[in-house]
Amino acid sequence: MDQYRVFGNPIAQSKSPFIQQQFAVQTKQTMNYLSELVELDQFSCAVKNLIANKGKGANVTAPFKEQAFALCDELSERAKLAGAVNTLIFSNGVIYGDTTDGVGLVSDLLRSQVQLRDTKVLLLGAGGAAKGVVQSILEQSPKSLTIANRTLSKAQAITQQYPEGSIKAVTFADTENLVFDIIINATSAGLSGDSLPILDQTIESSIACYDMVYGKEPTAFLKQAKQLGVEHVIDGLGMLVGQAAASFQLWRGVSPDVESVLASLRTQLK
Ligand code: ATR
């Protein structure tokens, strides 16, 4: 049977096996997808081992996305721009790498009735999570894309990878005088319980606030947005299922149904 894995450390919390198994049942694909805890210095061994044992592909999560990028023989354009991969495809001795996080984000926004076209988008953060979605956001033709980061130089470094003028890099303080339609949080601040230095008025004037993080409870950023009456307040659970669906499509050539799997996961979270 065709084998797939999600590699990470830690990995016990991963919902990917559940999601991919649901997709396989829905679309009647004969495949086996498991999670695998990989020691920090054993990533390439784990990949080679999978390839030698009927492996057809894998997902890669923290902390291996950059190592996976380095291991690939071929990369998609969006993976090259992100500098990281979350999806590996093994075909005829070649390891091909792609990143589906951006597709997952955009498809989840569209599913939530939020269009990026002609909107002013503010992306918070300039780490791996932010880098992974920039290209997909630009493909939607927003009116503008601004990246705000605590360390300005990291936001500036991202802008340099894209055509001049297509992205603005700012500090959090700079956002105080600006107005945005859609605010996407790609920082890890919420995970460590920190709140973001972003003003109520900036959040209040937006139509959608998205946090790539998800959990049983809304993040501090989403709570703030909800309290301020923002129309669309969305967590990252749909992005998780969306990126999984895009990986599944790359491996199996069929597009699974996101909505039913997302509903099951939402119930499990509660
Ligand atoms: P990830 O892969 O989740 O993106 P990362 O590459 O470590 O993780 O990036 C974390 C991001 O969250 C960075 O943009 C970081 O800002 P810095 O570049 O200035 O470090 C941001 N971040 C983390 N904690 C934060 C906080 N308390 N306030 C604001 N930004 C924070």
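**Pockets, ligand and cavity**

Analyst: Happy to! Let's begin with the second largest pocket, which has a volume of about 320 Å³. Please keep in mind that this is a predicted model.

Which residues lie nearest the centre of this pocket? They are Pro218, Leu222, Val233, Asp235 and Arg266, out of 21 residues that line the second largest pocket. Several elements contribute to that lining: the helices α5 (101–111), α9 (220–227) and α11 (258–269), together with the strand β12 (232–234), each supply at least two residues.

Now let's turn to the ligand. It is surrounded by 14 residues, and the closest of these are Ala129, Asn149, Arg150, Thr151 and Lys154. Sorted by type, the shell around the ligand holds seven polar residues, four nonpolar and three charged.

Some of the contacts can be followed atom by atom. Lys154, one of the closest residues, has a polar side-chain atom 2.8 Å from an oxygen atom of the ligand. The backbone takes part as well: a polar backbone atom of Gly128 is 3.1 Å from an oxygen atom of the ligand, and for Gly127 a backbone N or O atom lies 3.5 Å from an oxygen atom of the ligand. As for cover, the ligand taken alone exposes 650 Å², and the protein buries 72% of that.

Rolling a probe the size of a water molecule over the atoms shows where empty space is left. How many cavities of 30 Å³ or more does a search of the whole structure find? There is one, and the largest cavity has a volume of about 40 Å³.

Which residues line the largest cavity? They are Arg78, Thr99, Lys131, Gly132, Val133, Val134, Gln135, Ser136 and Tyr162. Helix α6 (residues 128–139) provides the largest share of this lining, with six residues. By type, the lining of the largest cavity divides into four polar residues, three nonpolar and two charged.

Technical notes: Residues are numbered from 1 along each chain as its sequence is written. This is a predicted model: local features need pLDDT of at least 70, side-chain atom pairs count only at pLDDT 80 or more; totals for chains, interfaces and linings use all residues. Side-chain values use heavy atoms; hydrogens and water are left out. On a 1 Å grid over the protein atoms alone, a cavity is a set of points where a 1.4 Å probe fits but cannot get out, and a pocket is an open set with protein on both sides within 12 Å along at least five of seven lines; lining residues have an atom within 4 Å of a point. Grid points are joined across faces, edges and corners, and a volume is the space filled by probe spheres set on the points. Helices (H or I, at least four residues) and strands (E, at least two) are DSSP runs, numbered from the N terminus. A residue is near a molecule or strand if one of its heavy atoms lies within 4 Å of it. A polar contact is a pair of N or O atoms within 3.5 Å; within protein, one must be able to donate a hydrogen and the other to accept it, and residues adjacent in sequence count only if both atoms are side-chain atoms. Accessible areas come from the Shrake-Rupley method with a 1.4 Å probe; for residues, only the protein chains shown count as cover. Ala, Val, Leu, Ile, Met, Phe, Trp, Tyr, Cys and Pro count as nonpolar, Asp, Glu, Lys and Arg as charged, and the others, Gly among them, as polar.
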